[in-house]
Amino acid sequence: MRELIDRLERCGRLDKEEWTALIGAAKDAEYLFEKARAAARRHYGTDVYKRGLIEFTNFCKNNCLYCGIRRDGRDTTRYRLSEEEILDCCKRGYALGFRTFVLQGGEDPYYTDDRLVKLIAEMKAAYPDCALTLSIGEKSKESYQKFFDAGADRYLLRHETANPDHYRKLHPKEMSFENRKKCLFWLKEIGYQTGCGFMVGSPGQTAECLAEDMLFITELQPDMVGIGPFLPHHNTPFAKEAKGSVALTLYMIGLLRLLKPNLLIPATTALGTADANGREKGVLAGANVVMPNLSPVRVRRKYELYDNKICTGDEAAECCAALERSMERIGFHLAKGRGDPAEDQRKEENYV
Ligand code: SAH
C-alpha cells in the first residue's frame, strides 16, 4: 500500500478502485501517519486549534436513524438556550482563549431565520475578533446567504455518506444525499469556510462507500472535514448496531490529511468517547483541531447524539486544562487565534 500512499501524498487524488483497495486493507498505518503529521506540520506547525462548541438546542425536526436527538427520541428531554445564555457561553469561552465559536444544534423551527440573524449579529458585535461557525443543518440558499451577511464565517454540514443508497439507509425518506450536496456547494459559493464529513462504521458502510466519500471531498474541496466513529445511541433504530472502528477512523484522518494537506481536521468528541486517548491519537494521525464543549453543564447530558459521550459533567475550564496538558504531552500545543485555513503549499505541477 506504500505506493498508493506515496502517490496520494504527491498528487492528492486517487481513483475509486485505488481508494477502495487502500481503505479496505488499511495497511501501513504508521507509515501513513508519519506522512500525515509531516504534511500537517508543514502547514500548521505544531499548532492545534480549539473551537468552542455551543450546543444551543436539541429540538430537531429530522429523524436521522443514528442520532440521539432525532425527532422520535422519546426520552430525550428537550432544551434550548436563550440568547443570553449563548452570549454567556461566549464570554466564558473568550476568557479561556477561544477565538472560534461553533453554534450547533438540531434543526429547530423555533430558531427562525430572523432569530438566527439577530443572534449571529449580536455574537459578532460582541466578539468581532472571533470566527463564528454554524452547524444547524440543511437550509435554503437564501437562509445561508442571510446568515453569512449577518456575519457567520464558517459552516459545518457533514455529508454523512456520499453513497446515495447508503444515505437512504441512514436517513428517513424525505432526506437525500442530493440535497445535502446541493447545500454544501451553496455554502462554498456564498463564501463560507465550509466543512463536510462522515461517520466511520455507520451501519451498511463498506470500503467502497468510504472511497466515494474521498472522491466527494476531492470534488468539493472543503476547508474542514469532521469525522468520527459511529457510536450507537440506545434510543434509536441503530441501538443494537456495532460501533465504528477507532483504528479505521484514524486511518481515514491520515488519508484526509494527504488528500488536502491544509484541511482543518478535528479530533472529534466521538473519537475521544470511543477511546480514552482518541483525540491525542487523532492529532498523531494528522488532525489539527479540537472542539471542547462550552455549553452550560446543566444541558450537557441532554445533547446526547450517542451513548456515553465524554465531558458531559465537567466545566469547560477543566476540560480545556486537561486537553491542553495532553496536547503538550504529545508535542503539540493549543494555539491562540481564529485558526483559519492555511494556503495549500503543494505545488500545482504535482497534481497529476
Ligand atoms: N443538525 C446538525 C448537527 C448534527 S450533530 C446537522 O444536521 O448538521 C453533528 C454530527 O454528529 C452529525 O453530522 C453526525 O455525523 C454526528 N452524529 C450524530 N449521531 C451520531 C452517532 N450516533 N454516532 C456518531 N456520530 C454521530
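**Figure 1. Salt bridges in the predicted model.** Across the whole structure, a search finds 26 salt bridges. The model shown is predicted. One of the salt bridges joins the side chains of Asp6 and Lys35, with an N to O distance of 3.5 Å. Asp6 belongs to helix α1 (residues 2–11) and Lys35 to helix α3 (residues 29–44), so this pair ties together parts of the protein that are 29 residues apart in sequence.

**Figure 2. Residues around the ligand.** The space that the ligand takes up is the largest cavity.

**Figure 3. Contacts between ligand nitrogen and the protein backbone.** A backbone N or O atom of Gly105 is found 2.9 Å from a nitrogen atom of the ligand. For Tyr66, the distance from a polar backbone atom to a ligand nitrogen is 3.0 Å. Leu305 also places a polar backbone atom 3.4 Å from a nitrogen atom of the ligand. On its own the ligand has 560 Å² of accessible area, and the protein covers 91% of that area.

Conventions:
Residues are numbered from 1 along each chain as its sequence is written. This is a predicted model: local features need pLDDT of at least 70, side-chain atom pairs count only at pLDDT 80 or more; totals for chains, interfaces and linings use all residues. Side-chain values use heavy atoms; hydrogens and water are left out. A polar contact is a pair of N or O atoms within 3.5 Å; within protein, one must be able to donate a hydrogen and the other to accept it, and residues adjacent in sequence count only if both atoms are side-chain atoms. Accessible areas come from the Shrake-Rupley method with a 1.4 Å probe; for residues, only the protein chains shown count as cover. On a 1 Å grid over the protein atoms alone, a cavity is a set of points where a 1.4 Å probe fits but cannot get out, and a pocket is an open set with protein on both sides within 12 Å along at least five of seven lines; lining residues have an atom within 4 Å of a point. A molecule sits in a cavity or pocket if more than half of its atoms lie within 2 Å of its grid points. A salt bridge is a side-chain nitrogen of Lys or Arg within 4 Å of a carboxyl oxygen of Asp or Glu. Helices (H or I, at least four residues) and strands (E, at least two) are DSSP runs, numbered from the N terminus.
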